[in-house]
Amino acid sequence: FWTDVSEEAIKQTYINQTGNVVQNVIISGLVSPDGLACDWIGKKLYWTDSETNRIEVANINGTSRKVLFWQDLDQPRAIALDPAHGYMYWTDWGETPRIERAGMDSSTRKIIVDSDIYWPNGLTIDLDEQKLYWADAKLSFIHRANLDGSFRQKVVEGSLTHPFALTLSGDTLYWTDWQTRSIHACNKRTGEKRREILSALYSPMDIQVLSPDRQPYFHTPCEENNGGCSHLCLLSPRDPFYSCACPTGVQLEDDGRTCKSGAEEVLLLARRTDLRRISLDMPDFTDIILQIDNIRHAIAIDYDPVEGYIYWTDDDVRAIRRAYLDGSGAQTLVTTEINHPDGIAVDWVARNLYWTDTGTDRIEVTRLNGTSRKILISENLDEPRAIVLNPIMGYMYWTDWGESPKIECAFLDGSERRVLVNTSLGWPNGLALDLEKEKLYWGDAKTDKIEVINVDGTMRKTLVEDKLPHIFGFTLLGDYIYWTDWQRRSIERVHKIKASRDIIIDQLPDLMGLKATSVTKVFGTNSCAESNGGCSHLCFFTPQETRCACPIGLELLSDMKTCIIPEAFLVFTSRAAIHRISLETNNNDVAIPLTGVKEASALDFDVSDNRIYWTDVSLKTISRAFMNGSSVEHVIEFGLDYPEGMAVDWMGKNLYWADTGTNRIEVARLDGQYRQVLVWKDLDNPRSLALNPTKGYMYWTEWGGKPRIVRAYMDGTNSITLVDKVGRANDLTIDYVDQRLYWTDLDTSMIESSNMLGQEREIIADDLPHPFGLTQYSDYIYWTDWNLHSIERADKTSGKNRTLIQGHLDFVMDILVFHSSRQDGLNDCVQNNGHCGHLCLAIPNGFRCGCAAHYTLDPNSRNCSSPASFLLFSQKSAISRMIPDDQQSPDIILPMHGLRNVRAIDYDPLDKLIYWVDGRQNIIKRAKDDGTQPFTVMSTPNQSQNPEKQPHDLSIDIYSHTLYWTCEATNSVNVHRLNGESIGMVLRGDHDKPRAIVVNAERGYMYFTNMQDRAPKIERAALDGTEREVLFTTGLIRPVALVIDNKLGKLFWVDADLKRIESCDLSG
């Protein structure tokens, strides 16, 4: 057996066996195992660890490990055993160097040598003569004494360099020396016959003589039936010369022989990268690391005594995980929509798991296995952290350390929320409930106090208020409150009545949450315990009743117990929220938990992948998300002004929208790719949009001077007016089964219907105050009314049998029914996108392939080519493209992100990249025309008031792949390679101020304006800055831009003050 201090392990192998394998005996919880001794009689290993300052014992195979000593050890090193008399001996070279002896069962500990001793390194026992030998590396001697420390004699005096380990055989002592790198020997009584046995060793450490007379056999009481002990039988110097012992942290039963099945009370501890458990049953408080992989930033921790799982949150992996108490069976429970899960709590009765998230600012719940997730609280949470539950009374409590710190409580289902404490709080990080005494304790990292209050919010008192630099984790068990402190790097505890304090663990960095708990004892119960309270999914016990609830997407039936997946529900937009109402159950109005909605307007869905799409007229975006609120993403972010109409083509997987601000109807793939303008001429405030992909038609309403309803092919062609005698028609809806159109008329406050050609008009309702949104499903129409703040339903043909679905709703913009029957049918675009490269657009009896804006369809093919010639122009925060001589396509804004102030643009036709100068950020960037492959070619290191570089204009030399740019800060012309490498400055003079620049690469010249004070010039120079000549000095006031026509051999410039464009040939 040997210890390895760099691998922090104790290992074993067999002597003189070929092909033998090295095995680890002990690997966890060791730091610097400096001493090792084998009890050859009791088959035990004893070892010292100078870092953890412990002496431990274990069976020879590593099982039943136990801490024997953990106090008053400073730097324990060598250890030796005398099993015949039941004693162990060890040296300690710490602040007060000494040699100690104790029973091998940790009884009768006593210091036997503490004078004339400094660095006691080696230690060995002469079993025959009952003598103790030790070496002192600082005082350079080997001494011996009787086994009780008396009758001390010198063996070798003052001539040793650095003895480390010591052993003996017969009459000879052997020792290793670090400085001579040798093994030495001498006579054990006289110290004579000194000799060097072996030299030139790299670093000789421990040494042992292998010989039967070093390990004589004798009989011990542990040999029969392990002494009757269930675990460890340890030798002892006292009658009956043995005692039974248990693994670390486990207590012995009253019979003195049998160990309990494990620790009964434990402290579970989350560190940043590991989880540990500490038994509270025994006074040594040894922390044991759980063997769990991939813990990157654990924060909160809790425990379920029923199944024995530890639950913890990880801020880096963004997950909630669980594992058994021994580290086995690790599972990841929740990973989606988790940002910073700072608090976690187990409802051990109803089998639910609660957590707080300061990223999403929500409190959520799932079953303990991670299923049936539901958001409980999502409003008015700033920085929620600690959370604790009281399943016996039906309450939950949590802390919020945001702008106005507070401690709140609510029923376990999130209802009846109220503030308990909101004064004199700073960072309330920890929270703990005393269920028996009905008190709530908390620790505050800013006020540095531990306080207590009755659970009803009365009788606030301070328990501890000194030496609490930064409380984080916080827990209560029995009479003690335990907490972790970030600054002291410690775990401490305080008696909840007497307020006496002690330290459990010291100097352990990265301490996070902790939980003190009974391992198996369960406290309290409620009606959710019996078959989940009869609930199909979530059971919440509240002070009033037991309530069943459903995860996101499911609805409760009228039995109030069973959750079903609703077939159909209404979805509607209402300013900053999108809500849903099931049409089959009596469950009303649930907000879909979306982030970043400001003013939602139009709404549609794609049943096949369960997503909703909406336009936001305030953010000027079109976004999408799954029906449960996850994976919110912008689909269209550029070139929108007031997108008030939008529809999903569920067959071609395209998105159509109408924008009253830009007066355009556009289309793109559902992910926003291949965007194209379909209709932009003769449009007057297009508002509502509806699609019939089976037939290949789209319909829209216009709200301009002459309101009308229009039909066109879904590729934008062949538009005809269907209805012109109409007011502002809103929320145009198609009844696909009966082939009719429905709309609300805002000017007449009527709901009307017609056939698909705009004929056979019927008034469905004409007595409504202010109908606005409208949709149709099955035999009904549903509409919203802005005056009544309601959603109502009626028969779609007669308008009779009206039912109120929901009241108290403000300004519902759009409403629709989410159901698969609204998205049936087939057309040619369903299979393989009609084999189109970009867009498959349905038309009557067929389809047409379409391309992204300005791209053209290849002849006889379905693929698209980029435009051969075009004009790019920039506005402050946008770059647009247009085809100058084409009346068939309008200009479009390109989807480039992060533009602040575009001052100059150029284009590289080889790699099809757009380059631009951003004057706000002082950078030169490039990207593809669809916004992909963004890359910064040149940037300024510090964004200060007077930056080192201030690019003004740029011009590309496509032949040498370089970019020329002028700089206002250094008044120079500079060259970069297109890959971002700087080549350097090519032109700079004392009075120069080069601004506009253009490169004529074919002829090797550059032209630039030199805006010297009151005397602007146009100059030219070779591309390396030489051969400089002035072309013009007169007739210029403010020349701002230059351009070259190489074929014509002409230079053009514009003068912003003279307001004219002039030209000359290339030599001026």
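Author: A charge sits over a ring if NZ of Lys or CZ of Arg is within 6 Å of the ring centre and within 35 degrees of the ring normal. The model is predicted.

Reader: Which ring does the charged end of Arg881 sit over?
Author: The cut-off for the distance to the ring centre is 6 Å. The charged end of Arg881 lies 5.9 Å from the centre of the ring in question, and that ring belongs to Phe870.

Reader: At what distance from the ring centre of Tyr309 does Arg322 lie?
Author: Arg322 is placed over the face of Tyr309. Tyr309 is also linked by ring pairs with Tyr311 and Tyr324 into a cluster. From the ring centre of Tyr309, the distance to Arg322 is 3.9 Å.

Reader: How many aromatic pairs does the structure hold?
Author: Rings are paired if their centres lie within 6.5 Å. By this criterion the structure has 21 aromatic pairs.

Reader: Why is the pair of Tyr87 and Tyr89 described as tilted?
Author: Planes under 30 degrees apart count as stacked and those over 60 as edge-to-face, with the rest tilted. The ring centres of Tyr87 and Tyr89 are 6.4 Å apart and their planes stand at 55 degrees, so this pair is tilted. Both Tyr87 and Tyr89 are buried. The value behind the label is the angle of 55 degrees.

Reader: What is the angle between the planes of Tyr395 and Tyr397?
Author: Tyr395 and Tyr397 form a tilted pair, at 6.2 Å centre to centre. Tyr395 counts as partly exposed, at 23% relative accessibility, and Tyr397 as buried, at 2%. Between the two planes the angle is 35 degrees.

Reader: How far apart are the C-alpha centres of domain 2 and domain 5?
Author: The domain assignment places domain 2 at 116-218 and domain 5 at 872-1065. Their C-alpha centres are separated by 84 Å.

Notes. Residues numbered from 1 in each chain as written. Predicted model: local features only at pLDDT ≥ 70, side-chain atom pairs only at ≥ 80, totals over all residues. Heavy atoms only, no water. Phe/Tyr/Trp six-rings, centres within 6.5 Å; stacked < 30°, edge-to-face > 60°. Buried < 20%, exposed > 50% of the residue type's maximum accessible area, 1.4 Å probe, protein only. Domains from an automatic or database assignment.
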